[in-house]
Amino acid sequence: MEIEYRTARGEDAAAVLDYCRVIGAQTRNLTFGAAGLPLGEEEERAFLQRQEQSEGDATLLAFDGAQLVGMAGVSRIARSARLRHRASVSVSVRKSHWRKGIATALMRLCIERARRMGCTVLQLEVLCENTAAVRLYEKLGFAEAGRFARFFRYEDGTFADAFLMTLDLTGQEGDAHEV
């Protein structure tokens with residue numbers, strides 16, 4: 001299996017939206033369900049095109065042949081001087097490609113992108129019950145910084161808590177390829 005990693009472009013909008021519908025139906029660990037992202041194709045295209053022009057915010061994609069099998073994002077928390085050192089990251093992988101190193105590779109690319117953006121702190125939220133993801137983030141150096149009670153409210157009325165995890169990038173060496 002040869003996975004190709006690259007930065008998303010505007011023309012990837014339809015593939016990204018289709019991917020989100022598929023993965024939204026495969027797990028309850030995402031902020032969206034089987035309906036996917038609440039965006040139309042033109043809105044997603046405009047979002048991806050804005051990222052292409054940004055100083056670092058990016059959506060990174062993983063392809064197995066022509067199939068989109070993974071996606072990650074890195075974006076600044078805010079542009080203000082007091083917060084521009086922080087970025088948020090997220091990652092997802094199609095269930096057929098779980099446990100094949102794709103999430104790890106995408107996260108390493110996000111970490112390197114954040115470093116190039118001048119960020120020194122990365123943050124993410126992960127459901128407490130998503131132990132595989134928590135282990136992945138810990139392996140990459142993230143540490144629990146807090147807990148959000150009732151972070152998700154599912155359609156059936158149940159709730160799920162999430163950890164806030166952070167990674168301090170000061171003094172760390174990069175080891176990912178540039179995307």
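A nonpolar core is a set of buried Ala, Val, Leu, Ile, Met, Phe, Trp, Tyr and Cys residues joined through side-chain atoms within 4.5 Å, where buried means under 20% relative accessible area, exposed over 50% and partly exposed in between, for a 1.4 Å probe and protein chains only. The model is predicted, so local features need pLDDT of at least 70 and side-chain atom pairs count only at pLDDT 80 or more, while totals for chains, interfaces and linings use all residues. Residues are numbered from 1 along each chain as its sequence is written, and side-chain values use heavy atoms, with hydrogens and water left out.

**View 1. The largest nonpolar core has 34 residues.** Those with the most contacts inside this core are Val-74, Met-107, Leu-122, Tyr-137 and Phe-142. Helix 3 (102-116) gives the largest share, seven residues. (Helices, H or I of at least four residues, and strands, E of at least two, are DSSP runs numbered from the N terminus.)

**View 2. Tyr-137 and its contacts (heavy atoms within 4.5 Å).** Leaving aside neighbours within four places in sequence, Tyr-137 is in contact with Val-91, Met-107, Leu-124, Val-126, Phe-142 and Met-165.

**View 3. Asp-57 and Arg-79 meet in a salt bridge.** Such a bridge is a side-chain nitrogen of Lys or Arg within 4 Å of a carboxyl oxygen of Asp or Glu, and here the N to O distance is 2.9 Å. The pair links distant parts of the chain, with Asp-57 in the loop between helix 2 and strand 2 and Arg-79 in the loop between strand 3 and strand 4. Asp-57 is buried, at a relative accessible area of 12%.
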